[in-house]
Each structure stands twice: as C-alpha cells, then as structure tokens.
Amino acid sequence: MTRERDTKTPWMDLDTSLAPRGPERSDEGGATPAFFARRDFLKLAGISATALAACERLPVRHAIPLLVPAEDVTPGVAVHYAGTCTACPAACGLVATVRDGRPVKLEGHKGHALSQGGLCAVGQADLRALYDGHRLQRPSLGGKDVTWAELDAAVKTKLDEVQAAGKKVVVLSSTLVSPSARQAVLSFLAAYNGTLIEHDPGPGAPSALREAYQILSGRALAPWFDASKADLLVSLGDDPLGTGPDPVAFTASWAARRRAAESQGAPRHVQIEGSLSLTGANADERWLATSAERRLIALSLLSQVAHRSQGGQAVADALKGLAPLGEFASRVEALAGELLKHRGHGLVVSGANDLGEQLAVALLNRLLGNEGKTVDLTRPSLLRRGLDRELAGLLTSLASGDVGALFVLGLDPVEQGPDGEALKAALGKLPLAVAITDRPTATAAACRVVAAAHHGLESWGDFEPRPGVLTLSQPMTRPLFATRSAFESFLHWSGVPTTDYRLYLMERWRKDVFPGAQAADFGALWTAAVASGSVSGAVAVAAASALPSGSAGPVTEALATAARATPPSHDALEAELIAEVALRDGRRAHIPWLRELPDPLTRASWVPCVRVAPKRAAKLGVKDGDLITVEAGKASVTMGVRIMPGQHESVLAIPVGYGRTDEVKLAGVEAPPSASAQNAYRLAKLEGGRLLLSGLPASARPSGGRSPLPLMQVQSETAGRPVIHQVASYQEKVHGEHLPEGRDLFGPKPQPSPQWHMAIDLDACTGCSACVVACQAENNIASVGAEEMGRHRDMHWLRIDRYYVGDADNPDVLFEPMLCQQCGHAPCETVCPVAATVHSTDGLNQQVYNRCVGTRYCANNCPYKTRRFNWFNNEKKLTDPVERLVLNPDVVVRSRGVMEKCTFCVQRLQASRIAAQKEGRQEWASVETACQESCPARAISFGDQNQAEGALAAQRKKPRAFQVLAELGVEPRVTYLARVRNRQGATGHHGEEA
Amino acid sequence: MSAIGHSLSASQPLILGDPGYGAITHDVAGSLEGRPGTAWWAAFLVAASALGVGVVAIGYTIAVGIGTWGLNRTVGWGFDITNFVFWVGIGHAGTLISAILLLLRQRWRTSIARAAEAMTIFAVMCAALFPFIHMGRPWLAFWMGPYPNTRGSLWVNFRSPLVWDVFAISTYFTVSLLFWYLGMVPDFGTLRDRTRGLKQRIYGWLSLGWDGSARTWQRYEKACLLMAGLATPLVVSVHTIVSFDFATSVIPGWHTTIFPPYFVAGAVFSGFAMVITLLMVTRKVMHIEYLITDKHLEQMAKVLLTTGMLVGFAYTTELFTAWYSGNMYERFTFMNRAMGPYAWAYWLMFCCNVFVPQVFWSKRLRHSAAVLFVGSLLVNVGMWFERFNIVVTSLHRDYLPSSWSHYVPTLTEVGILVGSFGLFFTCFLLFVRVAPVVAFHEVKHTLAQQREEARHAAA
Amino acid sequence: MLERLVHRSLLAAACVAAVGLTACEPTNQGYAPEQPIKYSHAVHAGGLKIPCQYCHYAAERGRYAGIPPAGLCLNCHRQVLPDHPEIQKVKAAMEQGKPIEWVRIHQLPDHVYFNHSIHVAAEFDCQTCHGPVESTARVSQFAPLTMGWCLDCHRKGTPEGSRLTPVAATRANRLTDCSVCHH
C-alpha cells in the first residue's frame, strides 16, 4: 500500500482501483426501480401534458392576500433578524433572512464577539432542521397526544409523588449555555431539591480538562483559548478547528493569526494525534502517536519545560522516572525548545479525557506564561461544564433506583451513551421520565412523557458562551407545531408566577444584566439588545478576580501517578471515537444536507466508515468499503473500511453520531441502511468516573461483505498536474502555468465595472465545509441520497477537493474549494445549442435553467467539472409542504433534465444592483456570496476585479496567487492563494529565553 | 478507385452469364410479387422484437429521466452519442456508392447501389434518434431549430456544433431520400406494369406517371446526375461536422484537428462493412448471385482494406501527435486509452479495424464468403468501439483528477442500442418486400454495355 | 401529376410550419376572469383618484405589488357604503377570518424574476404594463407579458431622465443579461 513519494507531487488516494465499479454502482436493479415505481406511466402522461400545455393558456391560479395588513411584513421583501445559533452549545451569532414570516437562510452575525460572522455547516443546516417534517409536533403522554395542560398536570402530580417517596429529581441536559435557561431549570430543581447534571456526548473539551483546572486552580473550568495570539500552536489529539466545542470561534482566531502572517511573521502549528483530524490536516507539522504516547509526550514536554523555567522544580521532581520517549525523544526536545522560545506566545491544547495529560498541558501553559495571553482563565469558556463522574453517579443511582424523576433535556443518552440498553430499561421503570426534545429520539421513545420542544429558531433565549459575551435570540417564525419552549415547560412545572419564557427572560435581564435601569430605558436597552442580538458594550464580568492557585500537593501527586502509568506498547490496537465535521456528536444526523456533505478528509458521504491506516489495512487484508467489525470490551460496531493516509497504524478511528434509530427515513431522501451496528457510542467506556472515547483497547476483523462508500474522489494520483500548490513561506512565488495577455483574437472585450472575481486563500481555508452547506441552502440544491452520490451524481455547486502531498503514512493535506470559475472564455458557452449558458456583461457565466434542454455538452466541455445535471426530478422528493418551506424563493427550483451550476449567487448580485439603483448609488459591488459569508476563516474575498484597492485586489497581488488550469486560456475568474507549510519554526515576536 | 473499375470491366463481366433482360426483371421484381418466405418472416420477427425492446427502453428513459443511464457528473455522454456517431457512419456508404461512384462512372456500382442507399436512409434514421433521446428534456427538442418566437426573438446558438449537426444531418437525410426515390422511379414504372389492383395503384403513384419514352429517360438521367453532384459534398460534410462535436471542444482526446478526415474515412470503412454484411445475406436469400457477384464483394473488400489502413494511420497519428505535442493532458489521455480501465475497448477497436482488414490482401480470402462475412461484422464491432473510446475514455479522465470517474452502461442503454439495430433491420426487411433491391433498369443498361463489349471483342 | 404532388406537399408543409410556430407561443393577453367581489378600479382609481399604491403598497417596496388585505378596504368602507352587497362580502370575510380568493390575472412563469419596486423607481406609470386600469370596471391582462415584450423596454436600458443611476452603460446597461430576470 505505502509507496515512496516525492515531496512535491500532490496525490489523492491510495487504492487505485476505487473507481465506481461492480453492480452496486452502475447496474440497473440498484436504484431505478425505486424511481420507476413512483414515476412510470404517470410521468409519460405528464410529458404529453407538458407538451400540450405549451399550446394552452396558463391554469387559473388564485391570489390570496392577508386579511389584515401585517406590520413589517411586506410580501416578497426579506427582513433580517439577529439571533443566536442553537444547533450546538457554541452559541454563535446569526442573522436570519426572513421572507413572508419564514426564515429562508441563516448567516453568521458579523458583530458577534466570538464567531465574528462565520457560521459552520451544522449551523447552516439548522434551518433544514426547523423545517424537518419528522419533528415532534405535539406533546404526548405514554404515546398518546395530549394538550399541554394535561401534560403539565400529569407531570406535577408525578413530581409530588416522587417527592413524597423521597426520591431524587434529576435534570440531565447538554451544557446550558443560556443563563436564563439555567436559572429556570435550577429554580425548578430548587422547588423539588433536585440536581442538574450537564453532559455533552462526543469528543472535544473533555471532562478531564475541567478536572485538571479544579486541581490546579480550585475551579472546574475550561479556559478560553485564543489562537489569534499564538505564534506556536501545539495540539495533542485535539480537533478545535473541526469538531471542538466552538469550531467557528477557534477557526476565526486561528485564521486571523495566519492571515496576519505577512505582518506578524509566520505562525506554526504542530499537531500530535493518532487519527487524521481536520486540525491535523491544517497543521504545519504532524506527529503520529497513540493516546498513551501522547500522554507521555505531554509529560515529557512538561518535565523539559519545567527544568528550564523557574518555579517548575516541584513539577520536574514529580516527573522523575518518566518512561523513555523512544523515537520521539529528539523531536520532543526540539519542540520543548520551540515552546520556550515562544513563551507567552504559544498555546498547548489537548483533547484527551485523561487527567495526567490535561494537567501536564495546563501546567505547560502556566509555566510558559501563556496564561493571561493565549489561555484565558478569568473569562473561561462556558460551553462545556459537565463532569463525567456526575454522569456516572446518575447512572449508578438510576440502577439502584434512588432516582424518582428524570428530565432529559435535548440529549439522547440512550443512543449517545455507552450503555444505552440499561438506561432504556431504567427509564422504563422510572416513576417519571420526561424527554424534552424536538425529535422522536430513542430516549423520547423510552420516556413516558414527551414534551415536544420548540426549535431554537422558534423560541426566545439568551446565551453566555464566556463571561462578558451575552447574546440574545428571538423567534424567527411563529411555532410551526403545537410545541413549547423547553424552558417554558420548566417554568410551568416549577409553578413560578411568570410562565411566559419571554417575560421571564426580560425579568432576569432587568435584574441581572441591566441592574438599576429605569423601566423606560430598560425598554430601550432591551429593544436594542434584541435588535443587535447581543449586548453592546462590555458586561460586568463576574469572578474576574485572580483564581486561587491550588495547593501543590495534589498536583504533583496526580503528575506522579500519571508518570507511573504503564508505558505505551506500540502495536496494541486501539479504537478512537471521533466526531466528523458534518455530524459532530450526531445531534443533527437526520439532516440530509449534513449527511450528504462529503467528509473533507475521507470524501465519503452518507455512509460511516472506520478509518484505517494503510499498513494496518494491509495486515487485516481489507480494502475501501470492506465491512470490518471493531470490538472494544463487550461492545462492537461494524462499518465499511476507509483507508486513510496519516492514520496511526495501531489506531482505528470510528465516527460517532451514526446508527441512530430515528434516522431511517430522512426527509424524502433514501438514507443508507443504518443499523445500530453503526452506533459508535456503544464502544465508549465509563471507567473510573471518566467517559473514555479514545485509547480504547480494541480488536478488529473483516466481517465479510462490503458497504459501498459513496466516495466523491476515487482517483489516487494527480498525474503530476499543477492543479494545487503549497509553498514554504508567505513570500514564495507559485510557479503555476500562465499565459501571455492579449492573445484574444477579437481584441480585448469591454470590462465595465463590476467584473466579478473571487479569491480563495487556501492558507486560511481549513476545509470545514461550511461554504458547501451555505451554498446548498442559498441555491435550493437538492439532496440526492446515498445511492446517487455513489453514482457520482452529487449536486453540490461548491465542492472541496482534497489532495495529499508526500509520504502515504503521514502526508500533508491540502484543500481546494472548487466551484464554477466563471471563465472569461467559457468552453461551456460555445457548445450549448440553445444558448442556455451565455456570458453576462459583468463577466458571469450565466446558466438559464428554463432554456436548458439537457444535452450535457456544457458539462462535458467544462475543464473543472463544476456543472451539475438533474438526473431525476430531485425537487419532487420534497413532498412534505413543511419541508418545502426551506426553499429560497429568489432562486428557481430546477426540474429534471436541466443543467445547473454556481452563479456567484447572482440573485444577490441582482438584488444589490436594484438596491443601488434605487438608492442612487453607482457602486454596487459591496455584496457577499453565500459561501463567502459563511466562511469562519474569512478565506474568500469577492468583488469587482477592476477595483485597484480593497481585499480582493490585495489578495490577487500576493505572490502565492495562482489560477487552476489557467494554461487552457479559459480566463478563470477565481484566484487561489497557495497553502503555506511552515517547517522552519515560527517567526513571531519571540518570547525571551528563560 | 476508377482504376479498379476499368480494369474490372475489361477483365471479366459484372453480370455472370447472360440471363437476359427478362430474367433480371423476373428475379428482382418477382420476389416482390410472391409471398414472403419463412426466412424473411423469421428475420422480421427477430428484428421487430429487438425494435420492441428499444421502444420500451426509450419510453422508460423519457418517463423517468436520463438518470436511468449509467452516466454521472463526469461522463455526460456514453452509449447515446456512441451509437449516434456509429449510425451516422454506417449511413455513409450508400450515398458514396450511388453518388460518387456514379460520377466516377463505376459501372460495378449498379447492382449494389440501391440496397446501399436504402441502408443509408435507415442508418441515418437510427442516428437521428439519439440526439433526440439523449436530451434531458426531449419534449423541448424543437428549440434546437431556429424559428421566429415571442422571446424577443431568441435564436439558437449558431456557434454550437450540435446545431450544425441538426442542419447537416437533416440536409443529408433529405437529399439521400430524394436521390434514393428518384433512382427507383423507372423501376416503379416497371412494377406498375407487372402488377394488378391496389399494388398497381400504389406503384403507379410512386412511379409519378413514368413512361419509358426517350425524353423521360434523358431528363431522368440528367436529374440523377444533378442529384449525384448535390449529394457528393454532403457525404464528406456530414461526418466532418459530426466530428466537430468533438474537435471544437477543449477535452483532451476530443480537441484534435485530425478528426474530420479521420471520421470520414472511418465512416466509409464502417459503411462498406455494413453493405457487405447486408448484401451477402440478401443475394443468398434472393438467389441473385449472378447480379451481386463475388466481383462486387471483392471490390468492396478492397475498399475495406484501403479505408481500414486509413483509419489505422489515423490512430497512430493521434498517438504520435499526443506524444509530440508534449501536452501532459493530451499524453495522459492516450496513455489512458491504451492502458487505462478501458484499454480492452481500445485494443478491441485496434484489432478489429486495423489488423482484421489485412486479410483482404489475399485474393483467396477476398473470395471466401465466410471470411468476408465475419470480417465485415468484426469491422462493424471495431468501429462501434472506436466511437466508444472517443466519447467515454476522453471524458472519464479529463483535466481535474479529483473529478475523475467511471462509466458503466445500464440495461436501459443496452436496450436502446439493441432497439436501434431492431429499427434498422425492420426497415430494411420491409424495404426488400416493397421495392426492388437491385436497380434493374441500371443493371440492364450494364448488361447491354457488356454485350457491346463482348461483340467488339469477338469482331 | 408530379408538379401537382410537389405543390400539394409544399403547401401542406408550409401550413404545418406556420401553425407550429405561431400556435405554440402562449400569452394570456386579454384574460379577464370573474372576480369573487365586483371591485371596480374605474370607481376607485378613476373616479375617486385613489393612487394605485395606496392599496398596492408593496409595489414600491419589493418584488410583488401585492393585493390589498380585506382590512385595507374596510379602512374606508366601515364608513363608506357599509351596506353595499359587495362590501358585505368583505365584512363577512373579515368576520369568518377567511381571506378573499381573488383570481390571479397577471401570471409570470415561475422561472421569471420580476421586481416591481425597480420599475416603480424607474417612474414607469402602472398603466405602461397594466393598461388603463382606472377606466376599466373589470381588470384584464393588458400586455402579452412575453419575454420579447419585456425586452422591448430592457433593450432601451435605464430610462432617460429617471432618478435611477444607470449602471455602467454597455449592452443597454446590462439590462438584457439573462440573469437580470432568470436566476
């Protein structure tokens, strides 16, 4: 499998025999009957009807106006409301575009202190979750629909019984980032002296991190990491860019530092991990290490740094008798030196749920003086608060039966936890088990009481991702169903006077946020806050005081135990549960947009796959798509294999979030057969009060059979084509192919402003794929399902090509967003017989869907293969009227047999032209495309290429700029900036050597 | 080729023995008057059911969508355009034989011209089917034609080779059809006089009131000559323009200046192969070996040899230019054809089109019916795969390797291919039942000349 | 006989072509359906000189001109002619809370994006496209609303002397680009 490779030529995959083949891809029986059953002769009739319709009058349609003119809703005019994203606890700022009372697009909120305008793929797809036809639509009691009054009565009576029986009342929730919600829940619990247990499934910001700081500074908190100030970033098995607790905010700060490289010197990013993560893919240097090795590396780094920094002696002593480093020795020493060199300008993070490692990392940051600079403890992160031991405690007390009432809020522990079956049984036996969720999850099925909750876009809320950052969210639409805000439910049950959550929220703000504000000016302040989506000006930060540094005793003790831990054995196979960019912890695994999104690294969509190193695959004798069974402890999962370069030979990476029972029917799109055999949470182990997701001793065996992986990239070699570049420094010039100017036969064409042009900085682009989903949402791009994806009939207008450079065991990874290049000399335009694709005055390559007859000649002749054909009537799959609400009314929904492609969001360009003309402005180039707007790294700049100034011009002037296939003379309108790999070491402002 | 013709007419007769005018008429026309034999019925049954398969497959495609085919985002054309080019190619021999050879005064053409022309008509019909059904929205096919409309007016894109195709093929079809019909007028006259009742009425109509007067004959000859002159350039133009579909694109393996001559040569090649196949069956079934003699077949075998080598030359030239150009994309495409996933198709093409015809160097093999028949069939297979190679292997690995893919046809596509053959043979079988397969007025003319020559030789 | 046949066939061909070309171009011009309420523009716009955009207030703001909500009618008609049978219908609609289903007259295909506001801003009279509505009792489709008809104006570009800023003046200020209406 592994082959000798030069360090220049990009490549893409290992298995050359990956091209779609065999029956499952090409043969008839596979898919078409499903379509045929639905369509056969009706469609024939339909066609003749269409033909006739062409010669007849249009059918009678009715125009039904509102009864009473609604305020601030003008039919057909979009309104923008600020809010906060609730797709995950990160609470990024968002702006919803609302048309006729329905949100049709979510964008990032530029004014947000943390997310700074980006919105990730999951956030973008949250709109689709709002219009999900399979949401819970009304409260139910023991499977029967009831009114809220009945439900509340039932819950209250039960609660009283439970209290009388002297049993515990527990609320199990994902971290409550909303202070008001937290207060509502806590006050409810106070009424029944119950406890709140917060828990977030999936990897990222593990419990051990907070426990380490509890030992270190007396408070179980997770510090806020600021990568924008980090010249040197060292990450041990952590994936903050891709699947961390706040990927958007971290990406923003990480990219900010890289974009500033020209002025502040080149940053450097070292990743030490066992399985190739998105963060690892973006690192300047990557080491492969198992979980045990990572712990050892962390401790060794600490001891070396401790030796060479004052006040580190105690630590150094505690770490005596550390196991030998083996192959890593020299590298660790060098890295320690580098860290010391960048005192106060470095950042070390770890994703391990291991106390010793987290403690080591925390101490590293402290000894290196990074605290207060890149590591903020005074205003920590409030995105993760749970401690695994509390969860463990709950499970034991559930088993022992001291719990009388359990309220599960937004979580699905039955399927997103280690021992689902036991929990399910326990829930069944509970006197009162309440599921508060918007989805028919397995937990909801196991609970007698199901309080159907609002979607985040339907409800009020406030959010405090870190002290001093306080945002609001307002309902973007009236509730679609008879649901109720989760926290309003708690208000009802706790019997407080104000059961209206909005009023409750305002009440709290009056007291806590704007204390001492008069009624009148509170109104003003409140309105302003709602309008802007956040509180302008700094909010009083509680607990800004310096933290008590914990006593040295337990610290050294813990370190010593860690040091004594068994030295890593090299060839023992270990399973690592990873989150994927699209699914994260699996909360939104039922959204077709996210399932269809090809993973940026594996390039597989819909179907989960175990990531196996080339050498290991050879040992197991498996190929891509072969089914493999991984056993860890009692549990096991069976998935297809994906051979991944850059994977540690003895690490099997298994994505969580798949195999949910409620994902079977996915919004009209055929979901892959997804048995619970694919639920990786089963492998997680609750051990010593800690939930282990990585370093799980495992065994693997091919279980026979194949699960065809819908891979979007099946080619292994790039045949040495100059389609992507990486350079060693920010000054290095890319030697791409270029053509002399003025070779235009008919002389230069007039170039009236604006002439649209896009520049994409591959050095900032992390491949997070937010843009892909943003494009899908903006342009009504259909989801076609696993089988069609397997046939390479993906519809994404914007895709992210992934390339490797160098050795197959640990290559560099490159991402290249590929979209229609809007060629000046577009090959597609000359060949269309009916002139359905023609050039516009502002240099766009227009696609007129209603003129297209579908010869596919244009797609054949496109060198970039960015044109997408409607093989079937995809749009007809959106049968549920609720789900059709997601469509953008300004963009045509394409029918069968029509070609479509990226248009640089021409609907936005036209809108901005109209606005400019109405306002009497000459300039109308200040417009953003959907992909650009969503990008957390701000890697995309877009505008008029005639402008000599501005971001776009600056980007295009950089030496790293190149264009793909420019040598064809098609004059692409997209410029790329090559990725920089900093091998030399960071050149920031150096900290003084101690 | 005229050299061949003269040497031939000098050496031995084009019509074996001297059956006499009456016999010729009887044999050709008589077969139309009797009832069809079991052989015909069997053949017709097979052809018709194949056609049925095609109708179902096409109906399914139009009902459900192009998604029923094996195409994908990378390979936008597969069997559809392959078949299209293949059939257009077949449709070449007819007009070539009847028009060009007429102008070149090749007398040996007389016996075979009629059948060849018929074949042309039906092949072009099959070809024209594919541009229509390969569209995503075939019911809007009329947008391909320029016509005044209320859209402002919105015209077709005259830069698009597909539009040129529409014009080229429709013109070629019309002219071929007229030429074919014109050629049959005198024979229809004869048939009118031989038949009674309804048949007579129909042949009467078709013969356009033909009276064998010298004046009519003289005008008729002139008309034929003019039609021939009109048809000749079309023979070359049609396939040239079809080749533009590829030559004007940017895809490596398509973007080639050699395509026009290469395609025309290939077309003549495959066309003649098909003529041989058909006539060998026809003459056996109709017992007219003395009219369509081994000489005729041998002539055509020689044409196969010539064009086969032309095609082979084109293949090698392509490889050379790809290498010599130094263009990495061009080079890769041809490496990929010869060694990639579709190498089998490439080498199959190469063997059938370049190596197989070499057997026709030997006179003995040119005269062996079996060799000739199998050879002609193989050539047709090879030519189909030539088009498959051009269309698919160029597309499935073009510029950006990240998008490279693979193409495997579905049963639907195979069904459509079968159907096109069904259509072709059904039409041909019906043709041999209603119209004279051999232009007997021309053959008689040839016979007369032959007698003249014989008398001169005696004197 | 030959000539006659040729003549016949040529004639037939010509007819087929003509029919094919003309018949298959749909327009709804002159379409004037019965409306649920006998509302007269002649009375309101013509007689009372109520400006069009008092009722069709959305026209200057955005894409759709909009059909006035029943509530808007009653702003006046609570006082004016409250007992008129047609007004009664409106009242009934309000009481039952079910909106009035007007029959739509001006229909553009779904794949055409038309924005009223920019045309209002360009100071076109409503009559330019909707005809002398103020003098008709029952509204009918005045213009053919075909693409050619749209282009007749768009080819001229941003109208002279309107307060619109002409955007870079080439190709009739790019108002004939496909994506102006099709996206």
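This briefing walks through the interface of chain A and chain B, then turns to the confidence of chain A. Please keep in mind that the model is predicted. In it, 69 residues of chain A are in contact with 64 residues of chain B. The two chains bury about 5400 Å² between them.

**Interface area and polar pairing**
- Carbon and sulfur atoms account for 57% of the area that chain A and chain B bury.
- The rule finds three salt bridges across this interface.
- One salt bridge joins the side chains of Asp794(A) and Arg73(B), with an N to O distance of 3.2 Å.

**The chain A side**
- Five elements of chain A each give two or more residues to the side that touches chain B: α2 (28-53), β34 (799-805), α25 (827-831), α26 (857-860) and β38 (868-869).
- The most comes from α2(A), which gives eleven residues to that side.
- By residue class, the side of chain A that touches chain B holds 35 nonpolar, 16 polar and 18 charged residues.

**Confidence in chain A**
- The average pLDDT of chain A is 87, and 90% of the residues score at least 70.
- Residues 16-57 of chain A stay under 50 in pLDDT, and the model has 71 contacts beyond four places in sequence for them.
- A further stretch of chain A, residues 542-547, has pLDDT below 50, with seven contacts in the model beyond near neighbours in sequence.

How values were computed. Residues numbered from 1 in each chain as written. Chains lettered and ligands numbered in written order. Predicted model: local features only at pLDDT ≥ 70, side-chain atom pairs only at ≥ 80, totals over all residues. Heavy atoms only, no water. Contact = heavy atoms within 4.5 Å. Buried area = accessible area lost by both parts, 1.4 Å probe. Salt bridge = Lys/Arg side-chain N within 4 Å of Asp/Glu carboxyl O. Helix = DSSP H or I, 4+ residues; strand = E, 2+ residues; numbered from the N terminus. Nonpolar A, V, L, I, M, F, W, Y, C, P; charged D, E, K, R; others polar. pLDDT = per-residue confidence, 0-100.
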